[in-house]
Amino acid sequence: MNKVFIVSAGFAIAFLISCSTSLKRYRSASQTGNDNTLADADLFSSRISATNSLQTKKTLLDLTAEAQAQFIRIMNTRYPDNGSFLNSLYFEFLPAANDPVQTDYIKKDLRMVFSVSRKRGYHDSKGAPLLTEADRLEYLKLTVVLDEPFVKFTGWNMYTTEYGSVEIGDVSFSKSLGTDLSASIPVKINSIKSDLSPSVNAAISRKEDQQVKYRYIKLNGKLNDTVLVMEEEGTRETDLTGNIIADVSIRFRSAQEYVTRIYNLYDSAGKITPPGKLILKSSIVEIPDVEFPQKEIGAKLILDYVYRNVTGGSKTFPEWDDRIKYYTGHREKHISLLRDADYVPAFFGIGTGQGTAKKELVSLAGRDGSSYRLMFASYSEAADFCKWLKEWLAGNEDKQASAGIYILKFGNAPLTGKIIESNRLFGVIPCFW
Amino acid sequence: MYYLVIQTMGLKKCIDVSNENVYESEHLYDCLQSKPFDDEGKKALSVIFIRCTSAPEFLRRAIIYSD
């Protein structure tokens, strides 16, 4: 009897000790199967770094204080009357002689914010798992696969989640666990009946301080030319629903074009400069090698997850007493990463055919037989030259237009005032729109 | 006449003109050139993949047109 009692008491104490720790992950767990409806992910927002537009002209405000004073003195001497003097303050000056087009059109920094959510219906629907408030996403893997071959991932700058640096605070809770074990055994010794009632009482009170700030997420990621993979694993009590931010660099396959700047269109008095005195600077720029600009560049977003469904013990915050079922899931969807305005360069030319597939642009023909399209990196540069061109041809209707050492051509023929007159829509047009 | 045409951002550009069809894949051409070209009445003969002098490491799709 004593043996039975001692063994029972031992079991009771061992049971209490085993239950009084929260170091267990769960009480029981089972792999239940696949359910693709329990979680979802979407691209909440994407932001591309703006292409830097270059300041091509200098004004009075771009000068240093000393140069401004000097400039004002000179202009005051040169234009003694009040109106001309005030106009001279708005003059634009030649930028630095070797001022190349520095804008990078093929490398972009892309920030993607993904939003991960899970199903919240806490009711028992037919065939679906009974969800509880203690459920959480324990693991998720987000994969982004680029659709287009002309763009690729080149670098990974940052990957964070909303939990990354959040310190939630401390949570203390205590729990008393106890049990009574008693036995009543009739004993007969030498015809004397007696009841022996041994009992054991075991109680353990344990105070437990859990620091919620110790919660953390295991982040993992990998990147190749076309695929970006992010993995998250939440440790205890950490639900992975929320936002994930990924900052990556992308690069387009490149094509080359000449971009030209034309200086010295007007002299300091605002008088038109003859073609031979124009200064042309052409530089090669890399632009995305895309045959047909697309309204959007997309990717496939794949979500794989493990859902921790609590079927027992959901009332308590600690998870050690939970009875859980694990569900895996897989979802795929198409997301839009870039719009055409994000990557199609805003180059401008002079010619006809705006908004159509058949654009005819003025080109620069050299004496050696070479010929290049006349393209400008900004509308204002193209508009300034177009204004100059029309003004010059208005006074020299039958002459061939030229700029510096180049002859201006429109199609097969040299550009003349008559050609402009016969093409009513001749003017500044966007090259790629 | 034969015309070697590339296309970037929806804009066609003729980079070379020749009396004979001398164009071949992998050959190097100056893709910055822009010769007068109007595809009206011209026939697309074939697609080849050329290299450009400004970036010879990449192959670019080009179309040969003829009158």
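The model is predicted: local features need pLDDT of at least 70, side-chain atom pairs count only at pLDDT 80 or more, and totals for chains, interfaces and linings use all residues. Residues are numbered from 1 along each chain as its sequence is written, and chains are lettered from A and ligands numbered from 1 in the order in which they are written.

Chain A contains 6 helices and 24 strands. Helices (H or I, at least four residues) and strands (E, at least two) are DSSP runs, numbered from the N terminus. Of its 433 residues, 24% are buried. A buried residue has 20 or more other C-beta atoms within 10 Å of its own, with C-beta atoms placed from the backbone. Two residues are in contact if their C-beta atoms, placed in that way, lie within 7 Å. Among contacts in chain A with a separation of 6 or more, 76% join residues 24 or more positions apart.

Three domains divide chain A: domain 1 (2-49 + 106-252 + 295-340), domain 2 (58-91) and domain 3 (256-288 + 346-433). Their bounds come from an automatic or database domain assignment. The centres of domain 2 and domain 3 of chain A, taken over C-alpha atoms, are 30 Å apart.

The largest nonpolar core has 70 residues. Such a core is a set of buried Ala, Val, Leu, Ile, Met, Phe, Trp, Tyr and Cys residues joined through C-beta atoms within 7 Å. Leu142(A), Phe347(A), Ile350(A), Phe385(A) and Leu389(A) have the most contacts inside it. Domain 1 and domain 3 of chain A both give residues to this core, so it lies between them. Beyond its neighbours within four places in sequence, Ile350(A) is in contact with residues including Leu361(A), Leu374(A), Phe385(A) and Val428(A). Another core lies apart from the largest one; it has 13 residues, among them Leu4(B), Tyr23(B), Ile50(B) and Ile64(B).

In chain B, 5 strands form an open sheet of mixed pairing, in the order 2-1-5-4-3. Strands pair if DSSP finds at least two bridges between them. Strand 2 (11-18) and strand 3 (28-29) of chain B are the edge strands, each pairing on one side only. Strand 3 pairs with strand 4 (residues 43-52) of chain B in the parallel sense over 2 bridges. Tyr29(B) stands opposite Cys52(B) in strand 4 of chain B.

The contact between the chains takes 17 residues from chain B and 25 residues from chain A. On the chain B side, strand 1 (2-8) and strand 5 (55-66) each give two or more residues. Strand 5 of chain B gives the largest share, 4 residues.

Terms used:
A residue is buried if 20 or more other C-beta atoms lie within 10 Å of its own, exposed if 12 or fewer, and partly exposed in between; C-beta atoms are placed from the backbone.
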